[in-house]
Amino acid sequence: MQKSGVFLLAVLVSSLLIVGVYAQSSNDIDDKVDEFLKNVAEKKGISVEEIKNITSIDFNDLPENLSIKNIDEEAIEIYQVNVNDGPSIFILTASKKNIQKILQTPISTTLLNFGFSGESNSSLFLNTATGAQGSAENGYVMLRKGSITGISTSLEVVSGEGTIELIIYKNSDPLGFGNSIPVSSIGVKQDFDIQSRDIINFEPGDTISVYLSNNGNILWKDVINVVEIST
C-alpha cells in the first residue's frame with residue numbers, strides 16, 4: 001500500500017559545501033551552535049578530535065576559493081571547520097540566530113487515542129479514550145497550536161469486502177489525511193500514515209475527532225486508532 005506521508009528535510013542544514021582549503025572555536029560561536037556544527041562535520045567523516053577550530057566567515061571577506069553569489073546574509077551563515085591534518089570544510093547553514101531559535105524550540109508529541117469495542121457494519125465516529133463517542137463537533141479540544149503528524153489504525157474484519165477509511169475531523173470539517181484499508185479477506189487489518197509538521201495545523205480550541213467510513217458490506221470489530229499531534 002502506498003503511503004501518503006511526506007518527509008521534509010529539516011531547515012537546520014540547508015546545504016553543505018566541501019572545498020579544499022586549510023582549518024578551540026571562536027568566541028562568537030556559542031556552545032549549542034558549536035556542537036551543531038561539529039555534528040555536521042562528523043557526518044562528513046571528520047571526527048571531533050581532528051577539529052582544530054571553527055570560525056564564522058565574513059561575507060565581505062570570503063576565501064579566494066569560495067565564491068557564493070546572491071546570498072541573503074541575514075538568513076544564512078558560513079562556518080569554516082579547520083582540522084589538524086587535512087583540508088578544512090565550509091558549512092553553509094541557517095544563520096546563528098535561526099539555528100538558536102530552532103534549537104531552543106521544544107517539540108512535544110502527544111497521542112490522541114480513539115477506538116471502538118465490539119462489532120459493527122456501520123459508519124460512525126470512534127470513541128475517545130474516556131469511552132465517550134466523538135462527533136464532528138465533539139472530540140479532543142486542543143490546548144496549544146500545533147500540527148497533526150500521524151495516524152495509525154488496527155481493526156479486525158469479520159466478513160465482507162470494500163474499503164474502510166479513517167477520516168480525521170477538525171471541528172466539523174474532514175481533513176485530507178487519514179488511513180485507507182482495502183478489505184478483501186477476513187482478519188486483522190492495519191494501516192499507518194505520517195505527515196510533516198506545519199502541514200495540517202490546528203489552533204487552541206480546535207476539536208479533533210475520527211470518523212470510520214464503511215465503504216462496502218464489511219462487518220468489522222475492535223478498532224484501535226491513534227492520532228499523533230506535535231505542539
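Mentor: Start with Gly162, whose bridge partner in strand S14 is Gly216. The model is predicted, so local features need pLDDT of at least 70 and side-chain atom pairs count only at pLDDT 80 or more, while totals for chains, interfaces and linings use all residues. Residues are numbered from 1 along each chain as its sequence is written, and side-chain values use heavy atoms, without hydrogens and water.

Trainee: How many bridges do S10 and S14 pair over?

Mentor: Nine, with strand S10 (residues 162-170) antiparallel to S14. Two strands pair if DSSP finds at least two bridges between them. Strands are DSSP runs of E with at least two residues, helices are runs of H or I with at least four, and both are numbered from the N terminus.

Trainee: What joins strand S8 to S14?

Mentor: Two bridges join S8 (residues 140-141) to S14, and the strands run antiparallel. Val141 has Thr207 as its partner in S14. Strand S6 (residues 124-125) also pairs with S14 in the antiparallel sense, over two bridges, and there Leu124 stands opposite Leu212.

Trainee: Why is S14 called largely enclosed?

Mentor: Because seven of the ten residues of S14 (residues 207-216) are buried. Buried means under 20% relative accessible area, exposed over 50%, partly exposed in between (1.4 Å probe, protein chains only).

Trainee: New topic. Is Asp85 buried or exposed?

Mentor: Exposed, because its relative accessibility is 75%. Asp85 lies in the loop between strand S3 (76-83) and strand S4 (88-94).

Trainee: And the whole chain, how many helices and strands?

Mentor: Two helices and 15 strands. Of the 231 residues in the protein chain, 39% are buried.
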